[in-house]
Amino acid sequence: MTAPLVSLIIPCHNAEAWLAETVESALAQTWPHREIIVVNDGSRDGSLTVAQRFTGRGVTVVNQPNRGASAARNHGFQLARGAFIKFLDADDLLSPDALSAQVAALAGNPSGLAFGPWARFHEDHSRAVFTPHPGWHDGNGLAWIKETWRDTEPMYQCGIFLIPRLLLEKSGGWDERLTLIDDFEFFTRLALASSGLVFTPDAKLLYRSGLPGSLSGHKSRRAWESAILSTNLAIGHLIAVEDSGETRRLSANMLQKLIYSFYPEHGDLRQAVEQRVAELGGSDLRPGGGAGFQKLARLAGWRFAAGVRHLIGRRPR
């Protein structure tokens, strides 16, 4: 039996400083049957030049006008030949055995979804600490989604997953309307369409955080609109599978978390989200914050405390 080809797709926008390390981690995979596709998404820095240095080592580099990460991933998938697909951000790193572990986990399971652990790092990835999170085990899609939404902190970073081509073709590609938390809608959809999730502890992702100008750090109105749309679409996927008091409460809490995050800005967006929370039956999620925030919230209400936090320039994570 022929060993399956894995396509590693790396969308890249202004990642000149980190792209080479990311591509090297892809080239260092112990699974030999892989192709690497870098899609330069209209970078204004030297990313394209960096990517082209790897063409002699078998890396495919394509260029497109800036259309966003989702469009770049879809572009890469159009070119991909692999039976399995992994999307990898241009500043993240894979452990050398990541592909080998995940291909083995999905052997004979063409509609399963493999995922591995992740850890944040800033400059030195050797200091990353892997702390277990909800969902770090095998499970069926519905149960896994409910578990990972329960603390309103699901982490669906694209590099942790290996996706069978058949599952991706069945579920559809990335929604190109989305920017901020586009992965939340995408992997909720895939997980629910899968035959189940397989946890692969040896397939580790090192997630680079704290970069100036990163997409996840964007908190513009457009970014919040994307986060709200992504969350509402994901809620639609979940409730289409199970419409229950539990899934409605989980959904309302995911939206309430957004309200806490962007309050007191964008009052019109907040009003629409609050209406959807009410339609879902209401939220029991309390706002996060330090001891000072919680004390002020008890005395004067969370809106007053959040307003003060906004004035002094602090946001909840």
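The model is predicted: local features need pLDDT of at least 70, side-chain atom pairs count only at pLDDT 80 or more, and totals for chains, interfaces and linings use all residues. Residues are numbered from 1 along each chain as its sequence is written, and side-chain values use heavy atoms, without hydrogens and water.

**Domains.** Select 6-216 as domain 1 and 243-309 as domain 2; these bounds come from an automatic or database domain assignment. Their C-alpha centres lie 30 Å apart.

**Interface.** Seven residues of domain 1 are in contact with eight of domain 2 (contact: heavy atoms within 4.5 Å). Together the domains bury about 740 Å², 68% of it on carbon and sulfur atoms; buried area is the accessible area (1.4 Å probe) that two parts lose on being put together, summed over both. On the domain 1 side, select Lys146, Trp149 and Thr152, which lose the most area to domain 2, together 67% of what that side buries.

**Salt bridges.** Three salt bridges cross this interface (a side-chain nitrogen of Lys or Arg within 4 Å of a carboxyl oxygen of Asp or Glu). Next, show Lys146 with Glu246: they form a salt bridge, with the closest N and O atoms 3.1 Å apart.

**Helix pair.** Select H5 (residues 141-149) and H7 (residues 182-193), which pack at about 145 degrees with axes 8 Å apart. Helices are DSSP runs (H or I, at least four residues), numbered from the N terminus; axes are lines fitted to C-alpha atoms over the stretch in contact, and angles run from 0 to 180 degrees between N-to-C directions. Contact residues include Trp144 and Trp149 of H5 and Phe184 and Phe187 of H7.

Terms used
Helix = DSSP H or I, 4+ residues; strand = E, 2+ residues; numbered from the N terminus.
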